[in-house]
Amino acid sequence: TEAERAVLGAMLLDPERAMPKVQLLQAEHFHLTKHAILFATLQSMHAAGQPIDKVTVWERLAADGTLQQVGGPAALVELTIGVA
């Protein structure tokens, strides 16, 4: 799950650089359901040309009704801690 956290954290912090590197991944590759949901959301937002940051992702997850499934707003912050 640490690798999953690192991938998601990188996608949140620097989506333009991270997205091309994760093209071969799919949500089904993630062990934790909450990570799979977040990955799918980030991919969808990127494909639609939507800005990706903690606030816009939080809003999207809330609108989709999946914010609590991924661990709430705190989970988004935690994913970016320690990612360089």
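The accessible surface of the protein chain comes to about 5,000 Å², and 56% of that area belongs to carbon and sulfur atoms (Shrake-Rupley method, 1.4 Å probe). This is a predicted model, in which local features need pLDDT of at least 70 and side-chain atom pairs count only at pLDDT 80 or more, whereas totals for chains, interfaces and linings use all residues. Residues are numbered from 1 along each chain as its sequence is written, and side-chain values use heavy atoms, with hydrogens and water left out.

**Overall fold and dimensions**

- The protein chain holds five helices and zero strands, giving the pattern α-α-α-α-α along the sequence (DSSP runs, H or I of at least four residues for helices and E of at least two for strands).
- Along its principal axes, the C-alpha trace spans about 30 × 25 × 25 Å.

**Burial and contacts**

- Of the 84 residues, 37% count as buried (under 20% relative accessible area, 1.4 Å probe, protein chains only).
- Among contacts between residues at least 6 apart in sequence, 53% join residues at least 24 apart (heavy atoms within 4.5 Å).

**Packing of H1 and H5**

- The axes of helix H1 (residues 2-13) and helix H5 (residues 72-80) come within 7 Å and cross at roughly 95°, and the two helices are therefore roughly perpendicular to each other (65 to 115 degrees).
- Arg5, Leu8, Gly9, Leu12 and Leu13 of H1 make this contact with Leu76, Glu78, Leu79 and Thr80 of H5.

Notes. Axes fitted to C-alpha atoms, helices over the stretch in contact; angles between N-to-C directions. Parallel < 35°, antiparallel > 145°, perpendicular 65-115°, else oblique. Buried < 20%, exposed > 50% of the residue type's maximum accessible area, 1.4 Å probe, protein only.
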